[in-house]
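Colleague: I have the model open and would like to go through some of its packing and pairing with you. Shall we start?

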Amino acid sequence: MGKKEKEFQIKWKTDLPYKYSIGKLAVKYFEELKENKKIMGSKCPKCGKVHMPPRAVCADCLVEMTVNDMVELSSRGTLDGFTVVNYPFIDPTTGGMRPFPYGYGIFKLDGADTYMMHFVDETDHTKFKIGQRVEAVFKEKREGNLGDIPYFKIIRDESEE
Amino acid sequence: MPKHDVAVVGIGQTKFRSKRRDVNIPEMIYEAVKMALDDAQMEPKDVDAILIGNMDHFEGINFSEMWCGIDATPGYLKPVVKIATGGTTGSSLGICGYYNIASGIYKNVLVVGWEKLNEGGATTGIITAFDPVWERPSLAGALGPLALMANIYAAKYGITSEQAAKVTVKNRSNAANNPFAHLQMPNITLEYVMNSQMISYPLRLHDCCPQSEGACALIYANEEETKKITDNPAWFKGVSTAHYYTFGTDDIMYDLPTATIASKKIYKKVGIQDPIKELDVAEIYEPTSWSELSWTEALGFAEQGGGGKLLDEGITQMSGELPVNPSGGVLSTNPIGATALVRFAEAVIQVMGRGGKRQVPDVETALGMGFGGSLWTELAIFGKDPNPLR
Amino acid sequence: MDKVAIVGCTQTKYEAEKIDLTISELVFEVVKKLHNELGIINDDVGCVITSSNDFNDGRTIANMAVQDAVGSVRKSESRVSGDGAFAYVYGAMRILSGEYDTVMVVSHGKCSEGNQFLINNSIFDPFYQRHLGLDQISSAGLMANIYMTKYGISEEHAAQVVVKNRKNAINNPFAHLQKEVSISDVLNSPMLAYPLKELDFPPYSDGAVAMLLTNEQNAKKYTDTPVWLRGYGSCTDAYYLGHRTMTDLIGLEFAAKEAYKMAEIKNPVKDLDVAEVFEAFSTHELMIYEALGFCGKGEGGKFIDNGETQMSGSIPINPSGGVLSSNVGMANGLVRVAEVVLQIMDRAEKRQISDAKTGLVYGMNGICSQGNCVLIFGGE
């Protein structure tokens with residue numbers, strides 16, 4: 001008794017295109033990345049905190065940072081945390097699924113006061129260790145976007161002391 | 001003390017499930033709304049105002065409250081407003097409702113949080129929360145950052161996977177006493193959690209919360225109206241919120257600074273000096289098992305690094321001094337727009353003594369927590385009267 | 001009712017495309033200007049209420065983007081996902097509760113970043129309406145057609161609204177479109193959705209607005225001319241276009257009645273000195289006159305014919321140029337509040353209505369006046 005009620009669904013797909021403004025500091029960041037393999041942060045003129053990624057407002061002081069407040073950062077940092085992502089997820093840059101597993105790290109570049117996250121070239125969590133040094137790997141042909149640093153690599157010789 | 005005291009007088013929840021294919025969005029929401037109205041013995045026409053919470057992108061409906069407010073709640077010819085703040089939506093909603101009454105503008109308000117996120121792309125929705133220039137290209141939804149937080153916390157304090165797994169065991173077996181919970185696992189074992197697949201080191205599948213569909217509705221009223229409706233309300237003693245930087249990685253947040261800030265604010269307001277002794281139950285928002293360990297510290301239940309010990313000593317178990325998540329928590333049920341409101345609802349149910357099999361004995365004061373966005377915290381404390389403890 | 005005051009407000013210049021500014025920078029501009037004007041620092045602000053919309057910004061939890069800019073680190077910030085006027089109401093509630101001394105309310109719109117048609121089409125439910133391609137333009141056309149036919153409103157009547165508002169905007173240094181148009185310009189512009197033509201509709205603008213609210217005890221600390229909330233009403237009309245009375249804005253009527261009752265306004269045209277309304281298209285403003293009780297049903301055309309809503313009339317409407325001159329997405333309602341505040345503070349410069357002591361604001365949510373918020377403000 002009780003016929004299973006038919007459950008109806010309609011499918012819907014919409015493309016919602018956006019044009020996000022990236023701001024003058026981002027424009028300078030990508031220029032320096034592309035032309036000179038330089039990674040730049042922004043330094044608050046009031047409290048001196050160096051922000052990575054660079055942005056226009058220091059949240060603690062509520063003071064503006066401009067292109068003139070940008071400072072060069074090292075391409076090396078120290079790993080403060082890591083994970084190895086082992087589930088499928090969309091790659092927003094391609095629209096397809098990103099192949100997994102892949103490693104992530106959270107670290108401060110030397111010279112920066114805020115942390116950043118990026119891919120790290122290790123997929124075995126037992127080979128990761130907090131405190132390892134990482135270094136940016138730059139693409140040969142850079143285009144001026146985040147993909148110009150496809151990942152950071154663990155500096156093995158320095159860490160294995 | 002606010003201008004008007006605020007009490008919760010009616011509660012409604014749907015039975016949370018992974019997919020509610022049997023109902024469309026307004027039908028699902030109506031289940032919770034009807035339950036709350038019946039609970040408060042209120043006619044739809046007597047509702048003064050309606051607040052709705054939901055993330056537009058997850059179901060792909062812009063201004064969803066314009067549709068659901070009319071089709072699922074008594075919103076026609078009444079004020080309908082949406083509050084949407086990501087994971088904290090339910091608590092932002094719950095807190096907005098508090099100010100609606102505390103200000104004296106309305107004498108009662110219906111607060112509804114809902115999500116039917118398996119109808120849309122929730123993971124794609126979540127990724128758009130992140131900055132399109134700096135964060136989106138590399139992030140993998142909410143789990144990646146949560147895994148990093150767990151990793152740093154584990155390394156700093158020497159917390160083990162087993163300690164984290166015990167949280168899942170506690171919460172999902174608690175959920176078996178909660179008729180509304182999504183994942184109810186009365187016989188869950190430590191091995192079951194520890195043998196589950198590694199999703200993002202150190203998070204295993206069963207260290208993470210599910211994605212649920214459902215709705216939760218609460219009805220609030222001021223002191224005069226409450227007298228007419230029920231003699232067993234649960235009163236707001238206080239609310240607090242703390243936000244943080246736009247970029248979640250500006251600060252290493254394994255210990256959730258916003259929970260520390262918000263809890264200090266609310267404990268001061270409510271006169272709590274020893275949370276373990278003076279709170280009787282806490283419904284906290286733990287998206288992963290590791291989060292519960294870390295955030296019990298941030299909320300002042302344990303010292304830094306002591307979350308694991310707190311659990312091991314049984315303090316946060318159902319039989320302990322401060323049971324945490326008798327409802328099963330977020331690890332058992334997670335309908336994003338409603339999750340934080342469910343925490344408030346469950347805290348209220350405990351104060352009212354209506355928790356059935358999940359009731360903690362003699363609850364006078366309960367804490368509800370919301371978490372989300374770029375690691376924000378929202379808190380509410382409920383009690384049998386609206387006054388501070390001292 | 002207890003008192004809540006607006007003591008200062010700031011706006012950006014509204015423009016078609018502020019391509020060099022991120023949303024955070026856009027909002028920071030008005031927040032910083034507000035702090036500087038009032039001589040306050042971030043610690044003086046108790047909490048922040050923002051208004052934004054995820055679809056408009058192309059970002060889930062769109063308020064995450066503005067945390068740094070509004071100075072909400074370690075503070076309470078909450079977001080109303082809807083028109084800025086509703087965010088003002090939530091901010092006022094926080095003051096009236098007695099728990100905060102100061103609340104900053106901020107709203108922004110960056111229409112240039114998204115596809116407005118797709119964004120508005122997404123408001124319609126996916127079962128019965130969305131596939132019809134309904135959006136803010138086509139639904140306005142339907143409403144205009146039914147309204148104009150029932151009451152004999154002409155296209156010239158509609159065009160008069162555009163001419164009036166576009167002319168008013170020239171006096172508003174913040175307005176996006178600051179060029180006059182003539183009746184024949186409007187009538188000859190390309191037909192978008194019969195009977196409405198391109199110039200019957202607003203442009204799409206980028207901009208932001210911020211204001212500081214405080215209580216009675218603190219108002220005079222910030223300004224000698226605080227602007228007090230005297231009345232408030234909010235009401236939602238039916239959702240499906242087919243369920244609405246397309247000839248009358250019922251939701252707005254209800255909301256206005258509530259607000260008038262609270263503010264003890266018996267004769268709106270006489271008791272109000274100025275009104276800033278959210279006119280989403282030309283005939284919409286005529287319908288608004290009727291719903292607000294400025295004239296009888298169906299008399300919107302006659303009302304504008306008589307010049308009553310001109311700058312020199314008995315109830316000037318939209319001296320700022322209205323939405324038809326600057327359409328800032330979710331910020332529109334809060335911009336209306338800011339403009340009435342400037343009028344009452346006697347700071348509206350070239351667009352000042354002399355002796356403006358009581359003003360009305362109408363903020364709208366959703367399509368064709370589904371969500372309605374009416375606010376009455378008064379000076380000392």
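This is a predicted model: local features need pLDDT of at least 70, side-chain atom pairs count only at pLDDT 80 or more; totals for chains, interfaces and linings use all residues.

Colleague: Which residue of β2(A) is the bridge partner of S42(A)?

Modeller: Residues are numbered from 1 along each chain as its sequence is written, while chains are lettered from A and ligands numbered from 1 in the order in which they are written. Strands are DSSP runs of E, at least two residues, and helices are runs of H or I, at least four residues, numbered from the N terminus. Within β2(A), S42(A) has as its bridge partner H51(A).

Colleague: How many bridges join β1(A) to β2(A)?

Modeller: Strands pair if DSSP finds at least two bridges between them. β1(A), residues 39-43, and β2(A) run antiparallel, and the number of bridges joining them is two.

Colleague: Which are the edge strands of that open sheet?

Modeller: Three strands of chain A form the sheet, with antiparallel pairing and the order β2-β1-β5. An edge strand pairs on one side only, which here gives β2 (50-51) and β5 (70-73) of chain A.

Colleague: What angle does helix α1(A) make with β1(A)?

Modeller: Helix α1(A), residues 24-36, packs on the sheet and touches β1 and β5 of chain A. Contact means C-beta atoms, placed from the backbone, within 7 Å. Axes are lines fitted to C-alpha atoms, for helices over the stretch in contact, and angles run from 0 to 180 degrees between N-to-C directions. With the direction of β1(A), that of the helix makes about 150°.

Colleague: How are α4(C) and α15(C) oriented to each other?

Modeller: Helices α4 (84-96) and α15 (332-344) of chain C pack with axes 5 Å apart, at an angle of about 65°. Angles under 35 degrees count as roughly parallel, over 145 as roughly antiparallel, 65 to 115 as roughly perpendicular and the rest as oblique. The two helices α4(C) and α15(C) are therefore roughly perpendicular.

Colleague: Which helix gives the most to the side of chain C that touches chain A?

Modeller: That contact takes 20 residues from chain C and 19 from chain A. On the chain C side, α1 (23-38) and α3 (67-70) each supply at least two residues. With three residues, the one giving the most is α1(C).

Colleague: And how many residues of chain B are in contact with chain C?

Modeller: Elements of chain C that each supply at least two residues to this side include β8 (227-236) and α10 (250-263). Chain C brings 46 residues to the contact, and the number from chain B is 47.

How values were computed:
Two residues are in contact if their C-beta atoms, placed from the backbone, lie within 7 Å.
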